[in-house]
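Please look at the protein below before reading on. The paragraphs that follow go from the whole chain to single residues.

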Amino acid sequence: CHLIHYLRLSHHLVVLNYLIGTFDKLKSVSSEHINITDAVFDGVEVRVFEPPAKQDETLKRSVVYIHGGGWALASARTSLYNNLCRIMAESLNAVVVSVEYRLVPEVCFPEQFHDALRATKHFLHPDVLAEYSVDPSRVAISGDSAGGNLAAAVCQQLSKDEHVTIRPKLQALIYPVLQAFDFNTPSYQQNMNMPVLPRYVMINYWIDYFNGNYDLAHSLLINNHTALDVSQALSFRGRLNWTSLLPSSFRKNYKPVIQTTGKAEIVQKIPALLDVRAVPLLAENETLQLQPKTYILTCENDVLRDDGVMYAKRLENAGVAVTLDHFDDCFHGCMIFTIWPTDFSAGIQTRNSYIKWLDENL
């Protein structure tokens, strides 16, 4: 992934996703334990995992799951996500809907958000929930990494939509990416060269998501886009003050990187940098107060650690019940690595903790 980014093959994400799909995309294969089908929800492809009905059971709980991959990679049909959703469906005896949103470079923001929102709203319609024998009061929305970003953004949008009569009971976000305001939080500084997701790769994912220019990468890295003289960013600064939102154990001895003078033209060229549909951590308190009970999983060895921790704190300050599940010895992306040859203990540990919380709260 890093080599393809570096070489800037045309288009590097197409090349990488082709390789992933060629070797790893699975057809819908049901078993006696789980019925797996592919469907289309309001124009968006989804994969549905259904446990068999039990004799004494009327309605099941459910999870809408949105996969990660920098808004550009992976699929609901790859073995890693297929395996995760199958195990979730089995362990929770729940209907799991895995959203196959369109990817960069085919589409860019806000289309991934729109796909996830449309599929979720379709599923939450009373007739559709009844079709799948799902209890309307026991639906969660969840996702990892970029999928966690989409899950949080969709949850915020649903909470404000007066036409939505059924909303998620829970949201569960796995090492979510939630902001592009500050690329020098303590976790970005601490893990800037950490394998799986170095800082420069995350910045490139953001640029790809926004259909921006790689020439802006260095300015983003040093926070030129949110300098003190960039008027568009001023109203958001208080919503992402990590010196007050992070506990001292995460702040450590790192110092904020705040430029006095920067480049306002960056935000003019990429206004989505400050669009809460793309950066849910910047949402106003009135929106956060409407969010459901929340689970956020973070890993110490991850540039995105502080995104999750800050969102947990802001939600908590807004009166939302939050569980922050932090793992000191784990890394970004670890939860899907539970099958050979990448069957890591970190994956089993985080997945079990995540499913346990869902089982106890959904």
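**From the surface to single residues**

The protein exposes about 14800 Å², and carbon and sulfur atoms supply 51% of that area. Accessible areas come from the Shrake-Rupley method with a 1.4 Å probe, and for residues only the protein chains shown count as cover. This is a predicted model, in which local features need pLDDT of at least 70 and side-chain atom pairs count only at pLDDT 80 or more, while totals for chains, interfaces and linings use all residues. Residues are numbered from 1 along each chain as its sequence is written, and side-chain values use heavy atoms, with hydrogens and water left out.

Consider the overall form. The C-alpha atoms fill a box of roughly 65 × 45 × 40 Å along the principal axes.

The charged side chains number 31 positive and 38 negative, and the centres of the two sets lie 3 Å apart. Lys and Arg count as positive and Asp and Glu as negative, whereas His and the chain ends are not counted. The place of a charge is taken as NZ of Lys, CZ of Arg, CG of Asp or CD of Glu.

How much of the protein is buried? Of the 362 residues, 58% are buried, where buried means under 20% relative accessible area, exposed over 50%, and partly exposed in between (1.4 Å probe, protein chains only). Among contacts (heavy atoms within 4.5 Å) between residues at least 6 apart in sequence, 75% join residues at least 24 apart.

The largest nonpolar core has 91 residues, and F123, W206 and Y209 have the most contacts inside it. Helix α6 (residues 146–160) gives the most to this core, with eight residues. A second, separate core of 36 residues includes A140, C299, M335 and I336. A nonpolar core is a set of buried Ala, Val, Leu, Ile, Met, Phe, Trp, Tyr and Cys residues joined through side-chain atoms within 4.5 Å.

Leaving aside neighbours within four places in sequence, W206 is in contact with residues including W71, N149, F183 and V279. W71 itself is found in the loop between β3 (60–66) and α3 (79–92). W71 is buried because its relative accessible area is 0%. Phi of W71 is near 60°, a positive value in a residue other than glycine. V196, in the loop between α7 (186–190) and α8 (199–209), also has a positive phi, near 85°. V196 has 43% relative accessibility, so it counts as partly exposed.

Most residues other than glycine have a negative phi, and most peptide bonds are trans. A cis peptide bond joins V104 and P105, with omega about 5°, and the bond from F109 to P110 is cis with omega near 10°.

Finally, R351 is in helix α16 (residues 345–361). R351 counts as buried because its relative accessibility is 10%. Not counting residues up to four places away in sequence, R351 touches N83, L84, I87, M335 and T338.

Technical notes. Helices (H or I, at least four residues) and strands (E, at least two) are DSSP runs, numbered from the N terminus.
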